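Subject: Handover of a structure and of the findings in it

Dear colleague,

Please find below the structure that I am handing over to you. A written account of the findings follows it.

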Number of protein chains: 2
Amino acid sequence: MTAQAAGLARFSINQMTVKQLSLPELVAGCTELGVRHVGLWREPVQAYGLEAAAALVRDAGLTVSTLCRGGFLTAVEPDARAAAIDDNKAAIDEAVALDTRVLVLVSGGLPPGSRDLHGARERIADALGELAPYAAERGVRLAIEPLHPMFASDRCVVSTLGQALDLAERFPSEQVGVCVDTYHIWWDDRAPGDIARAGRGGRICTFQLADWTTPLPEGVLNGRGQIGDGAVDMLHWRGLVEATGYTDPIEVELFNDGLWARDGREVLTETTERFLRHAVPPAA
Amino acid sequence: MTAQAAGLARFSINQMTVKQLSLPELVAGCTELGVRHVGLWREPVQAYGLEAAAALVRDAGLTVSTLCRGGFLTAVEPDARAAAIDDNKAAIDEAVALDTRVLVLVSGGLPPGSRDLHGARERIADALGELAPYAAERGVRLAIEPLHPMFASDRCVVSTLGQALDLAERFPSEQVGVCVDTYHIWWDDRAPGDIARAGRGGRICTFQLADWTTPLPEGVLNGRGQIGDGAVDMLHWRGLVEATGYTDPIEVELFNDGLWARDGREVLTETTERFLRHAVPPAA
């Protein structure tokens, strides 16, 4: 195995990073570059066809590191809550079909007009009580992803790894864990301790990389930086996560209007190169 | 005293909220509305003249709740560090001239190309070791303001109230405390406990209000919401701060392009009304 192949053995490309590629284009690119894992999103998988997508990926010898995403569990109104539960069960079923063991959850923001963060977090716990056994029975774990605090009102009231663990630890570790994403936690001086806590409890379902670059764009959603372009020390965070014994794939998940405007295969190649340069430790 | 006058007794308008007003216009507006406290910024004070500004405010019977801002203490290069220390000493002298006891510090972001948050935080502590005695000898306290984590790379590596207290507590409480600003901490489930910790230690130098509204604008600096427009429960946070015994002014500090585009007197009036409606508890 070449050094490049060894370096990429753990690399997973999240589909959103190169969303301009069709699923066959993504799979072909991975095969060509020696990428062995992909993180998929529900919407493009559904558009391609769930079974067809599963076959395409499986036949290429790729594994699906995660499915993104379930969640949005903070609604108050009963019909909306029931619809969210149903949709998350469908996402779990899709994860099974894709043969991935991890469904990433973006928990949801405050309902319109609400200022009750605590109540929203408790509604997430209530919903997990119903979803977690359903997922575990099917061999899928729910990965609570803390999102950066700038998303607390409109996207995810779970803002730190500590909060995510407080939620996850109400359930068995084989049912609920966390998603560790550098973009969301890099600023947090408690995150290294929380990674160790997550590792001790067997709670790290997946590890994702994105860099922090400024200025943030309007709406702040699509400004995640290419690996190496920003403030995040990737080897530092990889070291912390791997010190817990984590050996699963490491996904690069970027939402970036600039990257999306470029040729998708070029971005895929660049992302593998950046991973090798900034997120793979020098050989011993 | 009318109910409105009682409600406004603790209110302070931070100059930046209505930066389109000249200092005489701001003072006249405060007099007319019964506002008794102002938070001032160095640049407009210098433009008007330090002694003239001090006299204008004093003669109108206003107190200066805070001076904004010192800080930016994270540079590595010796000349830049020396210049920052000198500039902060000048800010302390200006606070003395304005007869305010609080200089708010925005600590500074990562130097260009750096990914070392810990090192940057330690350089802040080093600088405080020189500045804090200088300030205390002149009757001024340094208020470390944690800024929202979305500013961690480019503006302030101190992102939580807990971090700010970790820094402040290295120094005597009469020298260094913290600025509690709802905009920066509202998402943090540890902030209530940290407010209590700050209160026990006598560390709350000032309490500021701004609301959290989305979508955030490009660059995210000038999107602080008018009181009542967003996700922050003002009475909740006021209650937590006052439970520690805090009785000093409560500043409203908004950076908002929309408010700045409007008539400044109208915004000043609106802000007092919003404070009374959303940040003053119902009379017992």
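How many residues does the contact take from chain B and from chain A? It takes 23 residues from chain B and 23 residues from chain A, two residues being in contact if their C-beta atoms, placed from the backbone, lie within 7 Å. The side of chain B that touches chain A comprises twelve nonpolar, six polar and five charged residues. In this classification Ala, Val, Leu, Ile, Met, Phe, Trp, Tyr, Cys and Pro count as nonpolar, Asp, Glu, Lys and Arg as charged, and the others, Gly among them, as polar.

Please note that this is a predicted model, in which local features need pLDDT of at least 70 and side-chain atom pairs count only at pLDDT 80 or more, while totals for chains, interfaces and linings use all residues. Residues are numbered from 1 along each chain as its sequence is written, and chains are lettered from A and ligands numbered from 1 in the order in which they are written.

Two packed helices are described by the angle between their axes and the distance between the axes. Here, axes are lines fitted to C-alpha atoms, for helices over the stretch in contact, and angles run from 0 to 180 degrees between N-to-C directions. Helices (H or I, at least four residues) and strands (E, at least two) are DSSP runs, numbered from the N terminus.

In chain A, helix 2 (residues 23-33) packs against helix 12 (residues 264-278) of chain A at an angle of about 40°, with the axes 10 Å apart. These two helices of chain A are therefore oblique to each other; angles under 35 degrees count as roughly parallel, over 145 as roughly antiparallel, 65 to 115 as roughly perpendicular and the rest as oblique. The crossing of helix 2 of chain A and helix 12 of chain A is right-handed. A crossing is left-handed if the near helix is turned anticlockwise from the far one by less than a right angle, and right-handed if clockwise. From helix 2 of chain A, A:Glu25, A:Gly29 and A:Leu33 meet A:Gly264, A:Arg265, A:Leu268, A:Thr269 and A:Thr272 of helix 12 of chain A. This contact has two nonpolar, four polar and two charged residues.

Helix 2 of chain A also packs with helix 4 (residues 50-59) of chain A: their axes come within 10 Å and cross at roughly 10°. That makes helix 2 of chain A roughly parallel to helix 4 of chain A. A:Leu23, A:Pro24 and A:Val27 in helix 2 of chain A meet A:Ala53, A:Leu56 and A:Val57 in helix 4 of chain A. The residues of this contact divide into six nonpolar, no polar and no charged.

For helix 5 (residues 78-97) and helix 6 (residues 117-137) of chain A, the axes come within 10 Å and cross at roughly 20°. Helix 5 and helix 6 of chain A are therefore roughly parallel to each other, and their crossing is right-handed.

Buried residues in chain B

In helix 2 (residues 23-33) of chain B, the buried residues are B:Leu26, B:Val27, B:Gly29 and B:Cys30. A residue is buried if 20 or more other C-beta atoms lie within 10 Å of its own, exposed if 12 or fewer, and partly exposed in between; C-beta atoms are placed from the backbone. What covers these residues includes strand 1 (11-14), strand 2 (37-41), helix 4 (50-59) and helix 12 (264-278) of chain B. B:Gly34, which follows helix 2 of chain B, has a positive phi, near 80°.

B:Ala127 is found in helix 6 (residues 117-137) of chain B and is buried, with 23 other C-beta atoms within 10 Å. Not counting residues up to four places away in sequence, B:Ala127 touches B:Leu73, B:Ala84 and B:Ile85.

Backbone geometry

Most residues other than glycine have a negative phi, and most peptide bonds are trans. B:Phe72, which is not a glycine, has a positive phi of about 55°; B:Phe72 counts as buried, with 20 C-beta neighbours inside 10 Å. B:Asp99, also not a glycine, has a positive phi of about 60°, and B:Asp99 is exposed, with 12 other C-beta atoms within 10 Å.

In chain A, a cis peptide bond joins A:Cys68 and A:Arg69, with omega about 0°. The peptide bond from A:Thr214 to A:Pro215 is cis, with omega near 0°.

Yours sincerely
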